[in-house]
Amino acid sequence: MEQSLERTRLQRIFGSDIWYSFTHNPTAIFSAIVTVGMILAAIFAPWIAPHDPFDLATISIMDGNLPPAWSAGGDMNFLLGTDDQGRGILSTILYGARISLLVGFSSVIFSMVVGITLGLVSGYVGGRTDALIMRIADIQLSFPAILIALLVDGVARGLIPSEMHSEISIYVLIFAIGISGWVQYARTVRGSTLVEKNKEYVQAARVIGIRPFTILRRHILPNVMGPVMVIATIHLAIAIITEATLSFLGVGVPPTTPSLGTLIRIGNEYLFSGDWWITIFPGITLVVLVLAVNLLGDWMRDALNPKLR
Amino acid sequence: MDLLNINNLRIEFPSRHGTVIAVDDVTLTVQPGEVLGVVGESGAGKSTIGNAVIGLLEPPGKMTGGHVLLKQQGIDTLGPEAKRKIRGRRIGMIFQDPLTSLDPLQTIEQQLVETIDLHLKLGERKSRERAVDLLRQVGIPDPENRIKNYPHQFSGGMRQRVVIALALCAEPEVIIADEPTTALDVSIQAQILELMRRLCKDKKVGMLIITHDMGVIAEITDRVAVMYRGKLVEEGTTAKILGNPDHPYTQSLISAVPRPDIRLKRFPMVNYIEAEGERKKLLDLSTHWLGRSRDYAALDGPLLSLKNIVMTFVTKPAILKHNRVTFNAVDDVSFDINEGEVFGLVGESGSGKSTVARMICSLYRPAAGEINYIGTDLTKIRSETERDFFRRQMQMIFQDPFSSLNSRMRVMDIIAEPIRFHKLASSNREVEQIVTDLLDHVGLGAQAAVRFPHEFSGGQRQRISIARALATRPRFLICDEPTSALDVSIQAQILNLLKDLQEELGLTMLFISHDLPVIRQMCDRVGVMKTGKLVEVSATEDLFENPQAAYTRELLDLMPRLDTLSHEGLEVEQR
């Protein structure tokens with residue numbers, strides 16, 4: 001009994017219900033392996049990828065539009081073929097996933113910070129502040145997220161001198177996608193905050209004299225994070241898709257640093273001339289990545305919600 | 001012939017932490033016209049028995065042994081369809097919460113007539129006549145018209161009457177009532193119990209009533225079965241079990257019931273369920289941090305004095321002031337609390353007693369009136385830092401031990417928070433030492449500090465709450481229904497602890513409760529509240545022996561009579 005009291009953090013994780021539910025759910029394990037695998041592959045792309053698609057010295061236009069290695073005319077150097085500029089598809093996918101995941105994660109974190117902050121303030125302060133924040137959220141919700149992202153992107157491009165576009169376009173993209181997604185977090189956090197702030201532990205903190213900022217940070221925030229993590233996982237998939245859509249439409253990252261969406265767009269032009277591999281392989285990568293993240297989010301939602309068990 | 005037999009019933013709940021035996025080898029019988037009470041504390045398995053009889057065990061629970069016989073016919077082995085036909089037709093059910101046991105979208109008529117027609121096949125006209133007749137029997141006035149109403153148009157007590165009518169409508173042979181009056185105020189509880197008992201006798205129906213409340217047992221049952229951790233420890237006539245119990249658990253349970261007629265020094269023998277409540281190591285308060293700076297200058301007047309305080313809530317908000325609809329939760333309340341006394345506030349739900357407490361510790365700002373604490377009007381303070389001086393001296397213990405502790409913080413951090421905030425210790429080391437000492441002092445033991453709140457039972461959590469409240473070295477402690485969410489033997493332990501602490505530390509206390517017997521055990525003076533107004537303030541003994549206000553007399557009359565309970569081992573306080 002005495003030893004079991006001082007369990008380490010690791011022991012608590014492996015003894016938890018969440019971990020149990022995870023190890024007994026094949027879908028969750030599989031999608032976690034796929035997601036983590038893809039993230040690792042993207043992080044270590046410079047070491048894994050057979051070529052550096054951005055090194056102009058190694059790519060040759062002569063290798064352009066080669067089919068995958070196993071079909072007629074394929075080259076073993078380019079396992080999944082090449083695009084019009086002679087960049088290996090496999091290498092570009094690995095580097096492209098890097099951009100996609102970077103934009104995905106960064107914009108989710110941006111949305112979370114904005115959404116959680118506004119949600120906490122809205123729920124805890126209440127009154128006019130609450131009404132103002134929630135009306136802004138309602139207005140934003142009446143536009144499709146992709147439209148907001150396009151709008152922000154367009155405005156930013158208009159304001160920033162064109163020679164800086166390629167350098168900062170990725171930050172603009174993160175901001176645009178991030179700002180289009182904060183509403184969900186704000187609403188969820190506001191709802192949980194309304195519940196939590198009336199619980200007695202918050203009143204106990206107020207009786208002690210703890211100031212509102214500390215109450216929000218120390219007491220309410222940790223107790224509203226459960227649903228936020230679920231939304232964040234599902235939102236990551238949406239953010240990746242949004243980035244791909246914007247890049248496909250040509251308003252995302254510049255073609256010199258292609259993301260998965262850019263690759264699909266480049267390939268799209270060649271699809272009807274029979275060069276299917278340029279668009280299909282990045283497409284499959286995108287679908288698998290988004291599906292895995294979504295399944296992970298679904299499992300997490302079920303595991304954290306006792307009512308669905 | 002026995003009406004209902006439960007033979008050697010065993011119910012298991014398999015889980016990944018091992019199988020929990022919820023009910024272990026329980027044998028009970030119910031005769032026609034008899035009321036059998038099953039009593040026990042939470043987790044004793046009493047509700048599980050009821051659910052097993054009607055075949056509604058919640059998965060993953062399953063019967064792994066024994067039989068349930070209705071008129072000597074086995075009903076536990078029947079298929080789901082046959083069981084469904086027995087439910088409602090031969091076995092009626094009354095659940096705890098009358099709010100959720102009726103369909104809110106159907107009128108009472110639809111629900112009653114449908115059930116009667118389904119079971120008795122009387123046809124619609126006859127069924128309606130029977131429904132009206134049943135409503136009259138359970139005491140609903142003007143049943144011909146009221147039957148057309150929806151459940152929300154009835155009050156809580158009336159709704160429970162409708163539930164009883166619904167349980168009776170198919171003339172069942174047995175009724176299972178699971179905590180039928182727990183959600184109701186005392187005034188309604190007495191009427192409902194009387195009604196249930198009368199119907200049972202008139203119609204020769206056997207009743208199995210499941211409750212944690214000795215008052216309910218004393219009022220309605222013929223025989224009692226006492227459950228402890230899934231096992232039946234004692235069974236006998238109500239007079240025998242209450243007046244002369246054999247089993248030590250039953251003795252401890254009965255000695256823990258607060259009596260309305262006597263005031264005890266302490267509750268005896270209450271360590272049967274949770275022995276760790278024992279305070280093994282007591283602090284020497286003359287030298288310890290907790291006892292320091294207790295030598296306050298003697299006061300001329302009262303420590304706390306409320307003058308005509310009013311609290312207004314807006315029920316219908318509007319921009320213009322005269323369009324708002326408001327409601328006075330507390331209306332012109334004045335009383336004084338003297339240094340070192342325990343002042344009780346008693347009243348039914350919604351009487352405004354908790355609102356008074358929340359105004360005193362400035363969670364709410366009163367709409368009018370003064371709250372004078374040692375000569376300073378707390379309502380006039382504007383600066384937070386100035387208020388902190390008073391916050392340190394005034395702490396509160398809350399009702400619900402499950403929501404009053406932040407589940408994401410370790411017990412160490414929960415109790416250290418007020419010490420750190422008010423800078424009552426010089427170093428982190430000292431803070432940790434104080435927290436461990438406090439945990440020892442409330443009877444939990446120092447190793448509790450590294451654990452999280454969910455690892456503790458309700459009573460243990462309430463001890464953590466008490467330790468947190470003591471961590472500012474308060475002079476004045478507000479206890480808002482500190483034991484109403486706890487089992488009776490745990491309640492006795494917590495009340496003992498509060499009494500001890502109050503004496504050791506010379507605390508002044510405001511003790512809020514809806515439970516008059518508890519008030520009698522704890523308080524020196526009592527204020528009685530009714531719909532936001534204070535109707536009477538008296539010394540406790542005077543209030544119980546010689547109540548002044550009509551409402552107080554009414555409350556006292558409605559208390560369950562517990563004079564049949566055994567007095568063995570009780571130490572009565574002489575005044």
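Visitor: In the hairpin of strand 9 and strand 10 of chain B, which residue takes a positive phi?

Guide: This is a predicted model. In it, B:Arg229 has a positive phi near 50 degrees, in a hairpin with 2 residues between the strands.

Visitor: How do strand 9 and strand 10 of chain B run, and how many bridges join them?

Guide: Two strands count as paired when at least two bridges are found between them. Here, strand 9 (residues 223-228) and strand 10 (residues 231-237) of chain B run antiparallel, with 6 bridges joining them. For B:Val224, the bridge partner in strand 10 is B:Gly236.

Visitor: What span does helix 6 of chain B reach?

Guide: Helix 6 of chain B covers residues 156-168, 13 residues in total. From first C-alpha to last it reaches 19 Å, close to the 18 Å expected at 1.5 Å a residue.

Visitor: Is helix 6 of chain B mostly covered or mostly uncovered?

Guide: In an α-helix there are 3.6 residues a turn, so residues three or four places apart point the same way. As for helix 6 of chain B, 11 of its 13 residues are buried, and the helix is mostly covered. Among the buried ones are B:Arg159, B:Val163 and B:Ala167.

Visitor: Which elements do the buried residues of helix 6 of chain B pack against?

Guide: They pack against several elements of chain B, including helix 3 (108-120), helix 4 (124-137) and strand 7 (174-178).

Visitor: How many helices and strands are there in chain B?

Guide: Chain B has 19 helices and 20 strands. Of its 575 residues, 42% are buried.

Conventions. Residues numbered from 1 in each chain as written. Chains lettered and ligands numbered in written order. Predicted model: local features only at pLDDT ≥ 70, side-chain atom pairs only at ≥ 80, totals over all residues. Helix = DSSP H or I, 4+ residues; strand = E, 2+ residues; numbered from the N terminus. Buried ≥ 20, exposed ≤ 12 C-beta atoms within 10 Å, placed from the backbone. Expected span 1.5 Å × (residues − 1). Contact = placed C-beta atoms within 7 Å.
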